[in-house]
Amino acid sequence: MLVHYFVAFFLLSAIHLNVYALKSYSQYQLWRLNVTNNEQVAKLHDFSRIAYQQNINFWSERFRKNIPIDVSIAPESINSFAKFLSSDDMKIQYDVIMKDIGAVIERQKLIDKLQPSSVYADDFAYDKYHPINEIDAWIDKMVQTYPTLATSFTVGKSYEKREMKGLKISSNKTAVKLDGTPVNEKKAVWWDGGIHAREWISPATVIYIVHALLSNYSKNPIITHFVDQFDYYILPVFNVDGYAYTWTNDRLWRKTRSKTSDPNCFGADPNRNWDYHWCEGGATHDPCDEIYCGSKPFSEIETAQVAKFIGTHNSTLVHYINFHSYSQLWMTPWGYTTKKPVQFKLQDDGSAKAVQALRAVFGTEYVHGNIGATIYVASGNTVDWTSGTANITFSYAVELRDTGEYGFLLPEDQIVPSGKETLAGELALLKYIEGKVYA
Ligand SMILES: [Zn+2]
């Protein structure tokens, strides 16, 4: 069975390579810039908005002094960018952390094919990345395997008419208050992965956690407790068109795939497209930019539909996580400003619990805080809206592994460790939230 799976996988992949031309990143380099003062940060941030014109792409969204900033550079821009960094104006030092991004992508594809799965259950390899059709089939399999807990739902169709397919976990037990008395209404949780297409570890981690909840229900008392205490709505891949595109055309695509006012540039940043202080800062009206906010709030059908779904469920939703990678951050609103919301301490104390429990598993260090102060201002982002408009107090933006050794190209052997530690962090956060909403 396992052997057949991999033979089939290998053949399909071979066919797949013939049909599509995946964008080549041969000789592209990843540099790590070491910025030491705020003037350099500001100048670099300004430059990041025009960098695409030279095929220079900022992998980091975090612009702070003394925190490394990772940038990919096309071969033709390597000399000019080096000159720019060493100019009297900038004087920014850097290290080359990947000499050839294309070679890293190719090597990983080969390892992925040759390395058999060691975590194979219910017809699914939990230590592998999967294309969108396999993730959709996995949802069906979960519903079939765990019929008393799992159902599927859809939030609608994407721009390219793909189903935005989700999974709901709900047991028939009544939730209880901390003193054991039943509550009137069970509260709900929303998790999504893959809002940014290239951040493959985020769908993979969400899938791992969902399977852990389903397969350990009635076996592990902690998991059983939290499955009984909340309903869970999970959208493993938010940006389905972008995610599909990373498998067929461009491994490092970030945005949606909608047409824009510029015939050469596609997609908006779905994490800058929400109708809450939309496009005020840390987002642009330039459709060719990676942080293009879209032609209007909710111009992207994917964000509009998730917002609509949440709007019809927000009487029960108390907790939202928007999973990203990379940088290892557990963040709370606001993103549109560096100011903190009035409930910041209530939210961030939950992050502290999550980060502490996460670290206890493998020692992985996460930083927590408000988005504006932790990375940079990013307006129109998801959790500002879920918190500010939908009133989901416990709204978090989580940046998963790593801190830049592989960045978006995180190897598959880190999927299960990321799943395990993130689950531990999330269970600690659920315990914290339970104490607040069922007090
Ligand atoms: Zn992201």
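Helices (H or I, at least four residues) and strands (E, at least two) are DSSP runs, numbered from the N terminus. Keep that in mind for the element names below. This is a predicted model, in which local features need pLDDT of at least 70 and side-chain atom pairs count only at pLDDT 80 or more, while totals for chains, interfaces and linings use all residues. Residues are numbered from 1 along each chain as its sequence is written, and side-chain values use heavy atoms, with hydrogens and water left out.

Start with the charged pairs. A salt bridge is a side-chain nitrogen of Lys or Arg within 4 Å of a carboxyl oxygen of Asp or Glu. The whole structure holds 20 salt bridges.

Take helix H10 (residues 344–362), where Asp349 and Lys345 both lie. They sit four residues apart, about one turn of the helix. Their side chains form a salt bridge, at 2.7 Å from N to O. How open are they? Asp349 is partly exposed, with a relative accessible area of 27%. Lys345 is exposed, with a relative accessible area of 56%.

Now look at Glu421 and Arg401. Their closest N and O atoms are 2.7 Å apart, in a salt bridge. Glu421 lies in helix H13 (residues 415–437), and Arg401 lies in the loop between strand E14 (394–400) and H13, so the pair ties together parts that are 20 residues apart in sequence. Both Glu421 and Arg401 are buried.

Move on to Arg272. Its side chain meets that of Asp269 in a salt bridge (3.8 Å, N to O). Arg272 is buried, with a relative accessible area of 3%. Asp269 is buried too, with a value of 0%.

Finish at strand E9 (residues 187–192), where Asp192 is found. Asp192 is buried yet has no salt bridge. The nearest side chain of opposite charge (Lys and Arg count as positive, Asp and Glu as negative; His and the chain ends are not counted) is Arg272, 12 Å away. What does the side chain of Asp192 make a polar contact with? One partner is the side chain of Tyr320, at 2.4 Å. Another is the side chain of Asn322, at 2.7 Å. A polar contact is a pair of N or O atoms within 3.5 Å; within protein, one must be able to donate a hydrogen and the other to accept it, and residues adjacent in sequence count only if both atoms are side-chain atoms.

Terms used: Buried means under 20% relative accessible area, exposed over 50%, partly exposed in between (1.4 Å probe, protein chains only).
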